[in-house]
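Here are my notes on this model, as numbered points. Please read them with the coordinates open.

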Amino acid sequence: KNQSFLTVQVIYDKEINLVGLEQITAAVINSLKDPGGVAYDYLTNERYGCAVPSAQIDSVALQNLSAYSAQLITYTPVGGGSATRNRFEINGTLDTAQDCFQNLQTIFDSCDSWLQWNEANATWSCVINKAYDQSAGTIPALTLNQLFNIDDTNVIGSINLNPIDLNSTYNSVEISYPDNAVYDQASYVYINLDPEDKNPNEPDNVLLLSLPLINNAVQAGYIGTRRLI
């Protein structure tokens with residue numbers, strides 16, 4: 001039940017040297033692509049997922065992730081011009097030999113978000129890496145000016161200032177991903193900061209990212225740029 005099988009018939013022919021089974025690959029297609037839906041499916045599935053009860057999942061947070069992922073971003077396709085696509089999609093296969101927590105991290109890395117355990121209501125949730133939404137603050141909603149207004153009324157403890165370590169500052173990123181244009185073979189996207197955005201005498205430091213659930217250069221480059229910045 002709920003398993004897939006591939007049946008192959010081989011007719012041996014010694015004269016044409018057909019005496020064995022060559023390597024076979026199969027295309028796996030799943031209509032579920034939105035990250036919130038993928039995360040919910042993996043969290044609740046009892047066969048290949050985490051078997052978490054739905055009552056212990058913050059479904060509203062995952063729905064918000066799906067809505068944010070479905071927003072269109074604009075990019076320049078090969079050959080010029082302008083095109084749009086969904087901000088985030090999940091297109092890849094998970095290794096069920098890995099533990100559930102690692103696979104969940106891989107899912108949320110593919111949509112620039114973080115897995116979160118909410119101790120207040122005992123639910124698994126997610127935090128989307130996006131700009132602060134003034135309308136989603138407390139009542140009354142915090143404005144950006146209020147958010148960054150730091151004084152002795154909202155700071156507890158001391159303030160420590162540490163110099164920036166240039167050796168640990170990333171200024172370029174290399175993203176590897178399975179490219180659907182070449183049968184999911186490994187492809188790479190390279191992004192570098194402009195020289196004027198670097199500090200004086202800053203050494204080259206490359207951030208290496210692997211995104212196994214992203215199969216196109218547009219989304220891989222988009223996430224790589226966000227992570228680098």
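1. Contact here means heavy atoms within 4.5 Å. On that basis Thr123 touches Ala55, Gln56, Ile57, Asp58, Gln116, Trp117 and Asn118, leaving aside residues up to four places away in sequence. Thr123 lies in strand E4 (residues 123-128). Helices (H or I, at least four residues) and strands (E, at least two) are DSSP runs, numbered from the N terminus.

2. On provenance: this is a predicted model, where local features need pLDDT of at least 70, side-chain atom pairs count only at pLDDT 80 or more, and totals for chains, interfaces and linings use all residues. Residues are numbered from 1 along each chain as its sequence is written, and side-chain values use heavy atoms, with hydrogens and water left out.

3. Is Thr123 buried or exposed? Thr123 is buried, at a relative accessible area of 8%. The cut-offs are under 20% for buried, over 50% for exposed, and partly exposed in between (1.4 Å probe, protein chains only). The Thr123 side chain also makes a polar contact of 2.7 Å with the side chain of Asn121. A polar contact is a pair of N or O atoms within 3.5 Å; within protein, one must be able to donate a hydrogen and the other to accept it, and residues adjacent in sequence count only if both atoms are side-chain atoms.

4. Next, the helix pair H1 and H3. The axes of H1 (residues 35-44) and H3 (residues 100-109) come within 10 Å and cross at roughly 175 degrees. Axes are lines fitted to C-alpha atoms, for helices over the stretch in contact, and angles run from 0 to 180 degrees between N-to-C directions. H1 and H3 are therefore roughly antiparallel, the label for angles over 145 degrees. Val38, Ala39, Tyr42 and Leu43 of H1 meet Cys100, Asn103, Leu104, Ile107 and Phe108 of H3.

5. Within H3, the buried residues are Asn103, Leu104, Thr106, Ile107 and Phe108. Their cover includes H1, helix H2 (59-70), strand E3 (113-118) and E4. At the start of H3, a side-chain oxygen of Asp99 comes within 3.1 Å of the backbone nitrogen of Phe101.

6. Which cysteine sulfur is closest to that of Cys100? The sulfur of Cys50, 3.5 Å away, is too far for a bond. A disulfide needs two cysteine sulfur atoms within 2.5 Å. The disulfide count is zero. Cys100 is partly exposed, at 26% relative accessibility.

Technical notes: Angles under 35 degrees count as roughly parallel, over 145 as roughly antiparallel, 65 to 115 as roughly perpendicular and the rest as oblique.
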